[in-house]
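Some labels need their criteria spelled out. Let us go through them one by one.

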Amino acid sequence: MSAILALALAQATVPAANAMPTGDALVQTVEANDAALFWGFFEGCDPDAVAALLHPDFRMVHDLVGLAHDSAADIVEDSRRNCARRAPGGEAEGYKNRRLFVPGSRHVQKLGDWGVLEEGHHTFLEYQRVAPGSEERHWVQTGGGRYIHTWQWMPEEGRFRLLESLSLDHGPAPAYPPEQAE
């Protein structure tokens, strides 16, 4: 075998420094991005942390409202406004909500060498008063839905950014614990 062919074969088996992850590393990266994204928009209320996960051309389509956001800047600013409303002195001071991923519902599919399609289900909770006027609160499941995300690999950055979010099948909270078939 020639030295040139041996070098070419060796280089083909060594991933480039900014090559898109594969296998378990790909799934783990998508899972971590998903967790950071929803934490920042829900419980963490940290839109600046989420901004780094969004592609500049990001858009979000929501089944209940249509085109909910047409850019990363738009959703980050909307989140800033919502977080300000929750802050002390804000009109929704003390409001808390939570997104919980439904275990076992995630499907990750590689899209060529440029991205990943992620699909999953989640539920939503709000921290509500037990009774009107009561200071006692608890978490109440308020609904659920499905999402499909397209994550684009950014080789120059060595990471994924969320390009598109489809948020659909929103509805009332499913019964918990789930009813058992007899």
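Q: What pattern does the protein chain follow, read along the sequence?
A: The pattern is α-α-α-β-β-α-β-β-β-β-β. That gives four helices and seven strands. Helices (H or I, at least four residues) and strands (E, at least two) are DSSP runs, numbered from the N terminus.

Q: What kind of model is this, and how are residues and atoms counted?
A: This is a predicted model: local features need pLDDT of at least 70, side-chain atom pairs count only at pLDDT 80 or more, and totals for chains, interfaces and linings use all residues. Residues are numbered from 1 along each chain as its sequence is written, and side-chain values use heavy atoms, with hydrogens and water left out.

Q: Why is Arg161 called buried?
A: Buried means under 20% relative accessible area, exposed over 50%, partly exposed in between (1.4 Å probe, protein chains only). Arg161 has a relative accessible area of 13%, so Arg161 is buried. Of the 182 residues of the protein chain, 32% count as buried.

Q: What makes the link between Arg161 and Glu157 a polar contact?
A: A polar contact is a pair of N or O atoms within 3.5 Å; within protein, one must be able to donate a hydrogen and the other to accept it, and residues adjacent in sequence count only if both atoms are side-chain atoms. The side chains of Arg161 and Glu157 are joined at 2.8 Å, so the distance meets the cut-off.

Q: Which strands does strand 7 pair with?
A: Two strands pair if DSSP finds at least two bridges between them. Strand 1 (residues 54–62) and strand 7 (residues 159–171) have five bridges, in the parallel sense. Strand 6 (residues 137–154) and strand 7 have 10, in the antiparallel sense. Both pairs therefore qualify. Leu54 stands opposite Leu162, and Met154 has Arg159 as bridge partner.

Q: What makes a set of residues a nonpolar core, and which residues have the most contacts inside the largest one?
A: A nonpolar core is a set of buried Ala, Val, Leu, Ile, Met, Phe, Trp, Tyr and Cys residues joined through side-chain atoms within 4.5 Å. The largest has 21 residues, and those with the most contacts inside it are Leu37, Phe41, Leu54, Phe58, Ile75 and Phe160. Helix 2 gives the most to this core, with five residues. In soluble globular proteins, nonpolar side chains tend to be buried together.

Q: Which residues count as in contact with Phe58, leaving aside its neighbours within four places in sequence?
A: Contact means heavy atoms within 4.5 Å. Among the residues in contact with Phe58 are His69, Ile75, Leu162 and Leu163.
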